[in-house]
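Here are my notes on this one, in the order I'd go through them. Have the viewer open as you read.

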Amino acid sequence: MPSEMLLKIFSYLDAVSLLSVGCVNKLFYDLANDNGIWLKIYSSCLQPKRTIWKMKSEQTEAVPLGCAALHDKKPGYWKKEYILKQTAAVKTRIMQLAKPLDPYTGLPCKNKVAMKLSGLSWIIVLKDKNGKEHVMEKANLSFKHTSVTILWYSTNWPCLDVVSTLKLFGVTPLLLDLNMPPNKNGPRRLSLIAEYHLANLTESSVAVGADGLVQLFSVNPGLLIGIWKEKNEIAFVMVSLHYHQLLERSILGSATVQYAPPPNKPVLDDIDPEYGLHDYSLHLEMHGRSCTYLRGTFRNLFCRKGDIANGYLRLTVVSLKDNRKHLPLIGTLGLSWETDVFKGNVKDCYMMNLTLFDEIGEPFWCFSAPVCMELSSKTSGLYDYMGHIYTTNYADSEGKVCVKLVWLEETRQYIIVNLVLYVSTEKVNNWYGTNY
């Protein structure tokens, strides 16, 4: 078929169809980049101010003045302009939708709605040592108050010994019509969220726990990998993503560069000698994939200058001495998993969602990560609680979390008797513009 006839046919296609047909072969790609077709789409949808109107039979077209818009531009110029304008408009509308805050958590309360409207999904790409990439798309989602947990499982995982990196991407339709459901088979856009190095996984990562079939390994931030015990191969991959900056990281990044949030602009306070040491608020959530063991908000947290040591501010949330604030957990802690054939539950580990707010309610330190409990060699010496002591410890570049729990055999439940946050002084100094 002559190119002129194909070009005429392509002129009746919409933007998504043009992008799809351009993937057929080089000829179709060149024709689908025609500036005349894309200028028509651009002008009719985005309606530039300076236009003239031509009547052709029963069609009305908006055409910008002058021929320079066509002849002085490289092929594909107006396609790129149209895509940039449309994606920018959709991103703005989605981010506006995510702005309302939940008065309980202080975080966006319409994240789930915004994700659904954006057509957002997540994929992982495993790259082996030979450079071959394996894309895993099928995922199960579990939404909580402050995070979403994503589980991938497949029978086609590459061999663990040859895997070098794992990349986590947010995936959105390239051109999205908010009035219609997203087309899963249409052109898509990738936003890199995180990249993990998995060489020598079992040696370089933290062993979280195990059951009869799998062993769990944690890689910061928030990545959990299940390994079959007998075959030493990947069984599943689980990622927990905190809602704070989740949409930005899943939408505003590129396929190669992660989204970098703007730095906090410190508001100096020369009057308060303990500026940056008080009025913190904490929202804490402990959960498995399907159940929540604890959800609580703690306000008016502070640190005295004498409690600053070894590069950390100490914030005591639950004191060992104050039994009025000790917290019971609901249910037996464990992290459930599943594949096409098997299901299981790894005991004594869970997901911890932590959101620490500063004195004006801005999210200061946020994470969602798998953690495990370790049995202490000591037994409880508390008068109210007699039982085995367990500890949970988490650490990243911004701080540490230390939790002490007592297992009560009579009621078969855990009680949190001590919960302390250690916040990096470097983080505080950068955030508040202070010097501790």
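1. Start with the open sheet of 6 strands, ordered β5-β6-β12-β11-β10-β9 with antiparallel pairing. Its edge strands, each pairing on one side only, are β5 (140–143) and β9 (206–210). On average, neighbouring strands here are turned by 20° against each other, direction ignored. For the terms: strands are DSSP runs of E with at least two residues, helices runs of H or I with at least four, numbered from the N terminus; two strands pair if DSSP finds at least two bridges between them. Axes are lines fitted to C-alpha atoms, with angles from 0 to 180 degrees between N-to-C directions.

2. A caveat: this is a predicted model, where local features need pLDDT of at least 70 and side-chain atom pairs count only at pLDDT 80 or more, while totals for chains, interfaces and linings use all residues. Residues are numbered from 1 along each chain as its sequence is written, and side-chain values use heavy atoms, leaving out hydrogens and water.

3. Gly 209 has Leu 216 in β10 as its bridge partner.

4. There is also an open sheet of 4 strands, β4-β3-β7-β8, with antiparallel pairing. Here β4 (133–136) and β8 (188–197) are the edge strands, pairing on one side only. Neighbouring strands are turned by 25° on average, direction ignored.

5. Which residue in β8 is the bridge partner of Pro 173? That is Arg 188. In total, 9 bridges join β7 (residues 163–173) to β8, and the two run antiparallel.
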